[in-house]
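The sequence and the model come first.

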Amino acid sequence: MFLKELNDSEKNAFICLSIHAANADGRFVEEEEKMINEYANEMEISVPSEEQVMTIEESINIFSKSDEHIKKVVLFETLGLLYSDGVFEKAEDKFIYDYADKIGLQSDIVKEQIELLKEYLDIVSKIVNAM
């Protein structure tokens, strides 16, 4: 939704971060793979091969230097990915809070974004059900 705002380095870091996030709970499900492909299409990049995926530390290093707006965009989009399979596991919760802390976002920002995402998903569900 907001990924076009990222620069080329951030786009590559985000797609790699997404792959790590999708694997945070030890399961890489179809919904997550589909969203990663959609993210790549939105950013007009390709999904890297397994050997091309940068480490989580490399992604963190890039985003720790980004401005707060970009950090929040990446947080929101990553949360969307983690919620895409309808289940938010403890391992995913730990992943997102650890990631946010390492790039300099406070836990209250994560909590706020989680609540906003839940509200957004609830509204989308209501719209779909009304059709």
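**Salt bridges**

- Lysine 94 is exposed, with a relative accessible area of 52%; exposed means over 50%, buried under 20%, and partly exposed in between (1.4 Å probe, protein chains only).
- The side chain of lysine 94 meets that of aspartate 98 in a salt bridge of 2.6 Å, N to O. A salt bridge here is a side-chain nitrogen of Lys or Arg within 4 Å of a carboxyl oxygen of Asp or Glu.
- Aspartate 98 has a relative accessible area of 30%, so aspartate 98 counts as partly exposed.
- Because aspartate 98 and lysine 94 are four residues apart in helix α5, about one helical turn separates them. Helices (H or I, at least four residues) are DSSP runs, numbered from the N terminus.
- This is a predicted model, in which local features need pLDDT of at least 70 and side-chain atom pairs count only at pLDDT 80 or more, while totals for chains, interfaces and linings use all residues. Residues are numbered from 1 along each chain as its sequence is written, and side-chain values use heavy atoms, with hydrogens and water left out.
- The whole structure holds seven salt bridges.
- Another salt bridge joins lysine 72 to glutamate 68, at 3.4 Å from N to O. The two residues are four apart in helix α4, so about one helical turn lies between lysine 72 and glutamate 68.
- Lysine 72 is partly exposed at 30% relative accessibility, and glutamate 68 is partly exposed at 43%.
- Glutamate 115 and lysine 118 also form a salt bridge, their closest N and O atoms being 3.9 Å apart. They lie three residues apart in helix α6, which means a separation of about one helical turn.
- Glutamate 115 is partly exposed at 43% relative accessibility, and lysine 118 is partly exposed at 41%.

**Aromatic pairs**

- A pair of aromatic rings is described by the distance of the centres and the angle of the planes.
- The count is two aromatic pairs. Rings of Phe, Tyr and Trp (its six-membered ring) pair if their centres lie within 6.5 Å; planes under 30 degrees apart count as stacked, over 60 as edge-to-face and the rest as tilted.
- Phenylalanine 2 and phenylalanine 76 form an edge-to-face pair, with 6.4 Å centre to centre and 65° between the planes.
- This pair links distant parts of the chain, 74 residues apart: phenylalanine 2 is in the segment before α1, and phenylalanine 76 is in helix α4.
- Phenylalanine 2 is partly exposed at 33% relative accessibility, whereas phenylalanine 76 is buried at 15%.
- The ring centres of phenylalanine 14 and tyrosine 39 are 5.0 Å apart and their planes stand at 65°, so this pair is edge-to-face.
- Phenylalanine 14 belongs to helix α1 and tyrosine 39 to helix α2; the pair links distant parts of the chain, 25 residues apart.
- Both phenylalanine 14 and tyrosine 39 are buried.

**Nonpolar core**

- In soluble globular proteins, nonpolar side chains tend to be buried together.
- The largest nonpolar core has 39 residues, and Leu6, Phe14, Tyr39, Phe63, Val74 and Tyr99 have the most contacts inside it. Such a core is a set of buried Ala, Val, Leu, Ile, Met, Phe, Trp, Tyr and Cys residues joined through side-chain atoms within 4.5 Å.
- At least two core residues come from each of α1 (8–22), α2 (30–43), α3 (56–64), α4 (68–83), α5 (90–103) and α6 (107–130).
- Helix α4 gives the most to this core, with nine residues.
- Leaving aside neighbours within four places in sequence, phenylalanine 63 is in contact with residues including Leu6, Phe14, Ile70, Val74 and Tyr99; contact means heavy atoms within 4.5 Å.

**Isoleucine 70**

- Isoleucine 70 sits in helix α4 and is buried, with a relative accessible area of 6%.
- With neighbours within four places in sequence left aside, isoleucine 70 is in contact with Glu5, Leu6, Glu10 and Phe63.
- The C-alpha atoms of isoleucine 70 and glutamate 58 are separated by 16 Å, the two residues being twelve apart along the chain.

**Largest pocket**

- Twelve residues line the largest pocket, and Met35, Gly80, Leu117, Tyr120 and Leu121 lie nearest its centre. On a 1 Å grid over the protein atoms alone, a pocket is an open set of points where a 1.4 Å probe fits, with protein on both sides within 12 Å along at least five of seven lines; lining residues have an atom within 4 Å of a point.
- Each of α2, α4 and α6 supplies at least two residues of the lining of this pocket.
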